Amino acid sequence: MTNNKTKPLDRIDRVILSTLQADGRISNVELAKKVNLSASPCLDRVKRLETEGYIERYGAFLSASKLNYSMTAFVQVTLNRSTSDTFKIFKKEVVTIKEVVECHLIAGGYDYLLKIRFADMEGYRQVLEKITDLPAIAQTSTYMVTEHIKHDRGVPFD
């Protein structure tokens with residue numbers, strides 16, 4: 001993500017990004033200590049990284065099981081036509097299904113890969129109905145997750 005207004009990342013910027021990715025609630029004072037800067041220049045760097053788009057947002061990782069979304073599945077979706085209008089309509093509609101937590105356009109044997117979360121098999125059936133009711137769906141295939149081995153922890157750093 002480099003443009004005319006973007007400064008190249010140095011070692012300190014990378015440590016700041018890595019630290020914030022691991023703990024977005026760290027205080028500026030603690031972050032400054034980790035990168036061996038005083039608080040004011042550290043805050044200036046964080047603000048620059050935000051402004052330049054390196055930091056998109058801050059958030060919390062929630063417990064899916066505590067919130068009654070303990071089951072996860074991946075759903076392959078094949079559309080009945082590969083036209084730009086069909087893709088636009090699908091994208092507009094799929095984002096309205098709250099149980100769809102990720103949606104990726106795929107190059108290969110199907111069109112989209114969805115990650116869905118739900119409480120139980122009845123919840124799965126209900127969300128699958130929502131998906132199959134979307135316009136232009138030709139076929140779906142579901143893969144149930146039986147164990148979470150590694151969760152998305154963000155962008156890998158060297």
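Predicted model: local features only at pLDDT ≥ 70, side-chain atom pairs only at ≥ 80, totals over all residues.
Residues are numbered from 1 along each chain as its sequence is written. Local features need pLDDT of at least 70 and side-chain atom pairs 80 or more, while totals for chains, interfaces and linings use all residues; side-chain values use heavy atoms, without hydrogens and water.

**Exercise 1.** Determine which strands pair with strand 1 (residues 71–79).

*Solution.* Strands (E, at least two residues) and helices (H or I, at least four) are DSSP runs, numbered from the N terminus. Two strands pair if DSSP finds at least two bridges between them. Strand 1 is joined to strand 3 (residues 112–118) by seven bridges, antiparallel; there, Val77 has Tyr112 as its bridge partner. Strand 1 also pairs with strand 4 (residues 137–144), antiparallel over seven bridges, where Phe74 is partnered by Tyr143.

**Exercise 2.** Describe how helix 2 (residues 28–35) and helix 3 (residues 39–51) cross.

*Solution.* Axes are lines fitted to C-alpha atoms over the stretch in contact, with angles from 0 to 180 degrees between N-to-C directions. The two axes come within 9 Å and cross at roughly 95°. Helix 2 and helix 3 are therefore roughly perpendicular, a label for angles of 65 to 115 degrees.

**Exercise 3.** Identify residues with the most contacts inside the largest nonpolar core.

*Solution.* Such a core is a set of buried (under 20% relative accessible area, 1.4 Å probe, protein chains only) Ala, Val, Leu, Ile, Met, Phe, Trp, Tyr and Cys residues joined through side-chain atoms within 4.5 Å. The largest has 18 residues, and those with the most contacts inside it are Val77, Phe90, Val100, Leu114, Ile116 and Ile131.

Conventions
Parallel < 35°, antiparallel > 145°, perpendicular 65-115°, else oblique. Buried < 20%, exposed > 50% of the residue type's maximum accessible area, 1.4 Å probe, protein only.
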